[in-house]
Amino acid sequence: LRVSEVPSVASQPTHDPCPMKRETNILRVTWIWVLALIAASLQPARPSLVVGLHREIHWLTFAATAFLLLLLSRNRRHEIRAVVATCLLGLSLEYLQHVIYRNTMEWRDVRDDTLAVLAAFTAYRLAAVGKAALPARRSPPVASPASSVLPPEPPPVSTSSSVPSETISAASRSSPSSRPS
């Protein structure tokens, strides 16, 4: 068995046996959520419950949208794009409501949407920092394949003493037992 034939420990999944399936499911849920948000936002009539909880609904829906998009992000750049995209979605929906129904532009809703997105982003980042600060609950690291196949190297053997010979001879000359009396 060659070292190159041994599978890498890093290539083996450590916590999620099907990361692609998880990501695909989150992507599907996100698409359904965003389409439902668009459809609900562009409805002409509002039930009385929606009118009474208008601001809270904005906060919940846009925070949830941002959070779903943040779950799909792979790095900080994708996270920022998710935040900007969600804010632009809120702005565009309010603008479409203004154009379609000839309502006044609801800038407070745009503000609430943006604040909800920023709150979701902050919570997401704090959760990531907190998760990184916790000790890992994984099994102890496994030795790399190269170290388990190859024997350990012996420690280097020293042929000289740790004290130079000049120091020994100088010390013996200055010691009181070696002086003539």
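Residues are numbered from 1 along each chain as its sequence is written, and side-chain values use heavy atoms, with hydrogens and water left out. Because this is a predicted model, local features need pLDDT of at least 70 and side-chain atom pairs count only at pLDDT 80 or more, while totals for chains, interfaces and linings use all residues.

The protein has seven helices and zero strands, so from the N terminus on, the elements read α-α-α-α-α-α-α. Helices here are DSSP runs of H or I with at least four residues, strands are runs of E with at least two, and the numbering starts from the N terminus. Of the 181 residues, 19% count as buried (buried is under 20% relative accessible area, exposed is over 50%, and partly exposed is in between, using a 1.4 Å probe and protein chains only). Take the contacts between residues at least 6 apart in sequence: 76% of them join residues at least 24 apart (contact means heavy atoms within 4.5 Å).

Helix α4 covers residues 76–101, which is 26 residues. From its first C-alpha to its last, α4 reaches 38 Å, close to the 38 Å expected at 1.5 Å a residue (the expected span is 1.5 Å times one less than the number of residues).

The buried residues of α4 are Glu79, Ala82, Val83, Thr86, Cys87, Leu89, Gly90, Leu93, Glu94 and Gln97. What covers them includes α1 (19–41), α3 and α5. Take Thr86 in α4: its relative accessibility is 1%, so Thr86 counts as buried. Leaving aside neighbours within four places in sequence, Thr86 touches Phe62, Thr65, Ala66, Leu69 and Val117.

## α4 against α5

The axes of α4 and α5 come within 9 Å and cross at roughly 160°. (Axes are lines fitted to C-alpha atoms, for helices over the stretch in contact, and angles run from 0 to 180 degrees between N-to-C directions.) That makes the pair roughly antiparallel; angles under 35 degrees count as roughly parallel, over 145 as roughly antiparallel, 65 to 115 as roughly perpendicular and the rest as oblique.

On the α4 side, the contact with α5 includes Val83, Thr86 and Cys87, and on the α5 side Val117 and Phe121 are among the partners. By class, this contact has nine nonpolar, three polar and six charged residues. (Ala, Val, Leu, Ile, Met, Phe, Trp, Tyr, Cys and Pro count as nonpolar, Asp, Glu, Lys and Arg as charged, and the others, Gly among them, as polar.)

## α5 against α3

Helix α5 has 27 residues and reaches 39 Å, close to the 39 Å expected. Its buried residues include Asp109, Asp113, Val117 and Phe121, and the buried residues of α5 pack against α3 and α4.

Helix α3 (residues 54–72) packs against α5 (residues 107–133) at about 45°, with the axes 8 Å apart. The two are therefore oblique to each other, and their crossing is right-handed. Among the α3 residues in this contact are Trp59, Phe62 and Ala66, which sit on the side meeting α5 residues including Leu115 and Ala120. This contact has 14 nonpolar, two polar and five charged residues.

## The loop between α4 and α5

Arg102 lies in the loop between α4 and α5. Its phi is near 55°, a positive value in a residue other than glycine. Most residues other than glycine have a negative phi. Arg102 is exposed, with a relative accessible area of 75%.

Methods:
Left-handed = near helix turned anticlockwise from the far one by under 90°.
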